[in-house]
Structures are given as structure tokens and as C-alpha cells.
Amino acid sequence: MGDAASEIAYRLPYMSWMGMKMRGHFVATLGEFVGTTMFLFFAFSGTQVSSTTTNGETGFSVEVLMYIALSFGFSLMVNVWVFFRISGGLFNPAVTLAMVLTKAVSVFRACLLVGAQICGSLFASWLVSIIFPTSFSVRTTLSKDTSLARGVIIEILLTAELVFTIFMLAKEKHKATFMAPIGIGLALFVAELVGVYYTGGSLNPARSFGPCVVTGIFDKEHWIYWVGPGAGAIIAVIFYKFILILQYELANPGQDETSEKKAEQVAEEAKETLKQQRHTGMNAV
């Protein structure tokens, strides 16, 4: 017991004045800042490269779309995998809102994380703008034919898909939880394939806010990149809570098992559980 205490003191020699709870908030906030910075730095850098090498600023190109989607999806996958044990690897105020609504994150920590995410976006935007010799052009804007209403709906649907993926792969614990970052990165990749052309594929208020501050340009549709992802997160939360009430895990049991025999056993146990619940309900009536 003494050795463990001395080891903690040795690892944090100048933070002994902080309580464990506050120390946890500090570490999570720091991790979220660094993680968001790294995620958006590589995503923005990829966007810069695609625009420069394929003339993406002057017209639509499938190659540009694919490159941007891969940059965002793979950057998210890698950095979530690195930082999820430190801060949760949220990197997105909309995702943080969803975690608060499901009581996975406290309101106090959520405020710290959102602040770190916005600061990370600002820092990543500034780094990309000064490091690379090309013009900084990663703001999210609507395409010429996309109305404000359509833009909001697109952002809502894409964000809802991303947040629900995070719920089912990361928040719901199962045998493949450690591989959740792959699915989360692929979810963003798929969303970017659809969203980049029409709305810029934000799904993340912090992602849109940083470049606007650094360039000093706030487009008239900037508000949709806050309202859309926020509403999408709320829709994902509602559906997630609904399937929890319906006990989704009993609908297709045994999917986490590695053998057919074990899967069948789990399925039988689920059937018995449903029978007992029905019987209890009938007796209550």
C-alpha cells in the first residue's frame, strides 16, 4: 500500500496538492486538447493537400472528396485509439453533449472538455495556416445548390449516425470495445463521403469554429454547424435510450460469443429471461 502511494507521488511530484477528482479532470482536459489538436491537424492538413494537388478549390472532384474523407476518418480513428483511455477521445462538442445526456460524463467535465475541444481546433487551425505554404482553406460552407434547411438536415443525419455508432461500439461495453475506434473512424469516413460536397461535412462545431476564427471569416450559414450536430446528437440519444428500454440485447443474443455452442446457450438464456419477464408482467396485471 505504501509502495503504491509512493509510486503515485513519484509520478506526480508537483501535483500532490490536487485531489484525485480534480487531477482526473485536469488530465482528461489536457488529453482532450492534445487529442483534438492532433485529430484536426492531420484532418486539416489532408484537406489542404487535396485542394492543392487536385485543384479542389475550383471544382468538384471525386478524388478530392475521397482524400478529405480518408483524412478525417483515419485521423479520428488513430487519435481516438490513442486518447480514449485518457479523456474518452470525444474531440467534438456534439458527442460530449450526447455523453452528458446519457450521464456518461458529468456536466462539469463536459464544460472542460468542450473548452479543450474548441481550443484544440483553434490551435490546429493556426498550426496548419502557418506551417504549410498554401492558402488556408478548410472552412465548412454550403455548396451553391444546398439551402440552409437542407444543410441543417444533412448535418443532423450525419451527426446522428456518428454519435449512435459511438454509443453502440464504445459506450456499450462488449468484447470488441477495444476495436471501437475503427468503427468510429469508418463512421466519420462514410459521413464525410456524403457531407463534404454539400455542407463541408462538419458534424462537429469545434471543427467549423476554429478555421473561421483563424481566417476571420464567419459565413452566414455558420450557425448550422452548431445547431445541426447538436440536434443530431439529441436524436441519437433518444433512439439509443429507446432501444435500451426495449432491451435490444435480447433481440439478437450471442453475437459477442466466439463459438456457436456458446452463442446458442446465450440465446436460450435470453429466451428464458423474456419468458420470466412476460410472466411477471401478467402477474402484475
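## The second largest pocket

The second largest pocket holds about 490 Å³ of space. Of its 34 lining residues, Gly88, Gly89, Leu90, Met99 and Ile166 are the closest to its centre. This is a predicted model.

H7 gives the most, with five residues. By class, the lining has 21 nonpolar residues, eight polar and five charged.

## Annotated transmembrane regions

An unreviewed UniProt entry carries the annotation "transmembrane region" for residues 25-44, 64-86, 107-132, 152-170, 177-198 and 223-243.

Two of these spans can be set against the model. Residues 152-170 are 100% helix and 0% strand. The end C-alpha atoms of that span lie 26 Å apart. Residues 177-198 are 86% helix and 0% strand. Here the end C-alpha atoms are 32 Å apart.

## Phe123 on helix H5

Phe123 lies in helix H5. Phe123 counts as partly exposed because its relative accessibility is 34%, between the 20% and 50% cut-offs.

Which residues does Phe123 touch, leaving out those up to four places away in sequence? They are Phe33 and Thr37. Val34 is 89 residues from Phe123 in sequence. In space, the two are 9.5 Å apart, C-alpha to C-alpha.

Terms used. Residues numbered from 1 in each chain as written. Predicted model: local features only at pLDDT ≥ 70, side-chain atom pairs only at ≥ 80, totals over all residues. Heavy atoms only, no water. UniProt positions renumbered as here; feature names shortened; annotations may be inferred. Helix = DSSP H or I, 4+ residues; strand = E, 2+ residues; numbered from the N terminus. 1 Å grid on protein atoms, 1.4 Å probe; cavity = no way out; pocket = protein on both sides within 12 Å on 5 of 7 lines; lining within 4 Å. Points joined across faces, edges and corners; volume = space filled by probe spheres on them. Nonpolar A, V, L, I, M, F, W, Y, C, P; charged D, E, K, R; others polar. Buried < 20%, exposed > 50% of the residue type's maximum accessible area, 1.4 Å probe, protein only. Contact = heavy atoms within 4.5 Å.
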